[in-house]
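The structure comes first and the points follow by topic.

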Amino acid sequence: MSVAMDAPKDGFRLSQLIYDTRYRSYTIQFFVMLLFIAFLIWVLNNTVANLAAKDKDISFGFLWSRAGYDIDQQLIPYTNDSTHLRALFVGLLNSLAVAVIASAFATILGVTVGILRLSKNWLVARLMTVYVEVFRNVPLLLWIIVAFVILGETRPGPKEFKVTDEMVAAGQAPVGEMWLWDSVAVTNRGTNLPAPLLDRPLGGFEVMGVPINFSTIAVILVIVGSVMANRALLRRAKAVQESTGVRPVTWWKSLLILFAPTLALLVAMGFHLEYPVLKGFNFQGGINLAHSFTAMVIALTLYSATYVAEAVRAGILAISKGQTEAAYALGMRPSWTMNLIILPQALRVIIPPMISQYLNITKNTTLGIAVSYLDLRGTLGGITLNQTGRELECMLLMMMIYLSLSLMISAILNAYNHSVRLKER
Amino acid sequence: MKKSAFYGALVATTLVAGMASAGTLDDVKARGELLCGSSSGLAGFGLPDANGVWTGFDVDLCRAVAAAVLGDATKVKFIATTGETRFTALASGEVDLLARNSTWTFSRDNDLKLDFVAVNYYDGQGFMVRKDLGVSSAKELDGATVCIQTGTTTELNLADFFKANSISYTPVTVADDSEAQRQYEAGACDAFTTDASGLASSRSAMADPSAHIILPEIISKEPLGPVVRHGDNNWGDIVRWTYFSLLIAEEKGITKANLNDVIAASEADPAADPETKRLLGIGDNDMGVMMGLDKDWARRSIGAAGNYGEIFEANIGEATPIGLARGLNALWTQGGLQYAPPVR
């Protein structure tokens, strides 16, 4: 700081911009900024000029034209008459479906494995180490393909589930067998599950082509209501316990409050299951999950869970041993110690790496292309891009969408991280 | 982060776009090598053999162009492209010429800024199923699972065909032919659809070709042909007329074997067929100069792999495992559609 104190005070000279340390950094920053802006202008100019040279323009009008292709897995209604924009959303929802389900499974599996890896049981701990090291050190793409090929090549085709009269007469069983009282069929193409159906649905309406179903909303509202009523019941039980010392029996009331209203509503709406039936070439009816989807979920879960497990293990190891010993000294069981003392503190260490794990899972869904899973990369970045030839537009859109998705996930998890961090008083 | 990724992509696009310039002929001559976009492995049309030498119907067209332009049919570098990457590869200048059973359509011609210079194979989309499926018509495929190659016109035809017949299907969208074939053989789909020639080619590569049948319905017109970038008309003309030279050679009965005899006979005989003389640059005919080549261009293009009929029979004809009949691809003089304008 002595330099600044000794500086001459007789006015400002231009040479000070270079020789005076007070101003030199501003000069450098100014010129770097200038160069950066010039570079951006050159890049944009070059892009536009080259596109113009090839008679191409940048236009997103293709999003409103007819897509013309079919998508096998669709969470919102879509036909080949829908627009490319709608195909984009179908793809986006498929991406999100895999990301959300894989994230949930990876968290459950990862936390379990992370804790078990620290187990005092030698065998369990070693098995978990083997699992983590094997799955973490082989590229995800290979796991996806392995899962897909195993599912596709080991299961019988739909035809082999057929039971003919001759087979009944001969007492033969078909090669393919349905599971769980003939409700689930796993063929070499996909998994067919029973679908929930209602005889007397409450109707619904569409918002921008997305069907809003009153029946689903009613069920969700009833479940939320039940949970809140149950909480009130438990609060009252606690109050009674604190004032009288005797806790009233609540378990059957809880069960009744939690399940009876939902069941009553479902019965009133005529709830039943539609079972998949072999008809023609494939199983018809029920829910059909293509193996591309299942393989993505399995591979993403098994792969990402290893990273979650490592984060959890690191978090637990970061908690001083004194905490455990103090809990034991108070007479707590190991399971209580883990759930009430260790994990809540470990969360502070675990959550930041988990954020990047969820981001990775979301971005890794783009590997679905390897098994023909039509996610956002498959629809917008694959078929739409090909059929319209709008590479630049499709790529920009895709980058924007993945960027916003990642930023949203980060924002939500950062908020959660903020809420569980150490409260300093 | 946001900005750097965004502009990074723009830079990449710009660099690639910057390489594509007019004057493909000069580029090819300067490079001494023709870059030919080929398929990523379709038996009979474009496939490297055990020694890594590319062979096939489309490959031979590239060789003919290389021979006409550079004087050496081996100076071709084949670049495997998938259905998804082919037009980008062409537009960006990664290849000079795309000969990869690509269908000529309105939007590809106009919106993608490509030029289809000729139709070297008149095809149509068909379906292949296993014999034991007991299906004899594509209209019986209601509820079937169908494997399709993504980024192709077949994808759109398929949707239209099933809609027109009010039947349903489940698409399995696969990135390239060989993966589609693997999934079809593994039973992941009931039917495999692509151009009928592609089906014949795939079937020939299967473990037991006789266990599969190609259904009689041809649900679309698929004119397949070589493609060049829009805007370089001279290069387009060279590819077009190289192809026509092969057709005219077949029409005139000029083969790879008798080429030198025909030249000698035409030179000796002033009454010989004048069009043959113009094509082969005999006497003071130097038609090739008009498109920036020399007068012997057609001798070299025909000498590379023979005339159209020879290329057809050698790669995909009835004597090969693929076993395609000439059908629509016979010369116009024999009831087909292959017709070359006169060299005049």
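In this predicted model, 45 residues of chain A are in contact with 47 residues of chain B. About 4000 Å² is buried between chain A and chain B, and carbon and sulfur atoms give 56% of that area.

**Interface of chain A and chain B**

- The rule finds 15 residue pairs in polar contact across the interface of chain A and chain B, both residues being at pLDDT 80 or more.
- On the side of chain A that touches chain B, the elements giving two or more residues are helices H3 (21-53), H6 (140-154), H13 (376-388) and H14 (391-420), together with strand E8 (282-284), of chain A.
- H3(A) gives the most to that side of chain A, with 7 residues.

**Salt bridges between the chains**

- There are 4 salt bridges between chain A and chain B.
- In one of them, Arg189(A) pairs with Asp190(B), with 2.6 Å between the closest N and O atoms.
- A salt bridge also forms between Glu153(A) and Arg182(B), whose closest N and O atoms are 2.8 Å apart.
- This pair joins two chains, because Glu153(A) belongs to helix H6 of chain A and Arg182(B) to helix H7 of chain B.
- Glu153(A) has a relative accessible area of 45% and is partly exposed; Arg182(B), at 29%, is partly exposed.
- The side chains of Arg66(A) and Asp160(B) form a salt bridge at 3.6 Å, N to O.
- That pair crosses between chains: Arg66(A) is in the loop between H3 and helix H4 (84-116) of chain A, and Asp160(B) is in helix H6 of chain B.
- Arg66(A) is partly exposed at a relative accessible area of 40%, and Asp160(B) is partly exposed at 37%.

**Salt bridges within chain A**

- Over all chains, the count by this rule is 22 salt bridges.
- Lys321(A) and Glu325(A) form a salt bridge, with the closest N and O atoms 3.9 Å apart.
- These two residues are about one helical turn apart, because they are separated by 4 residues in helix H11 (residues 321-329) of chain A.
- Lys321(A) counts as exposed at 64% relative accessibility, whereas Glu325(A) is partly exposed at 47%.
- A network of salt bridges links Arg117(A), Glu133(A), Arg136(A), Glu310(A) and Arg313(A).

**The sheet in chain B**

- An open sheet of 5 strands in chain B has the order E10-E9-E11-E8-E12, with mixed pairing.
- Strands E10 (169-174) and E12 (212-214) of chain B are at the edges with a single partner strand each, so each has one side without a neighbour in the sheet.
- From one strand to the next, the twist averages 30°.
- Strand E8 (residues 125-130) of chain B runs antiparallel to E12(B), and 3 bridges join the two.
- Val129(B) is opposite Ile213(B) in E12(B).
- Helix H6 (residues 153-164) of chain B lies across E8, E9 (144-149), E10 and E11 (191-195) of chain B, and runs at about 155° to E9(B).

**Ala175(B)**

- Ala175(B) is in the loop between E10 and helix H7 (177-185) of chain B.
- With 28% relative accessibility, Ala175(B) counts as partly exposed.
- Leaving out residues up to four places away in sequence, Ala175(B) touches Gln149(B) and Thr150(B).
- The C-alpha atoms of Ala175(B) and Gly83(B) are 7.4 Å apart, although these residues are 92 residues apart in sequence.

Terms used
Residues numbered from 1 in each chain as written. Chains lettered and ligands numbered in written order. Predicted model: local features only at pLDDT ≥ 70, side-chain atom pairs only at ≥ 80, totals over all residues. Heavy atoms only, no water. Pairing = 2+ DSSP bridges. Axes fitted to C-alpha atoms, helices over the stretch in contact; angles between N-to-C directions. Contact = heavy atoms within 4.5 Å. Buried < 20%, exposed > 50% of the residue type's maximum accessible area, 1.4 Å probe, protein only. Buried area = accessible area lost by both parts, 1.4 Å probe. Polar contact = N/O pair within 3.5 Å; in protein donor to acceptor, adjacent residues only side chain to side chain.
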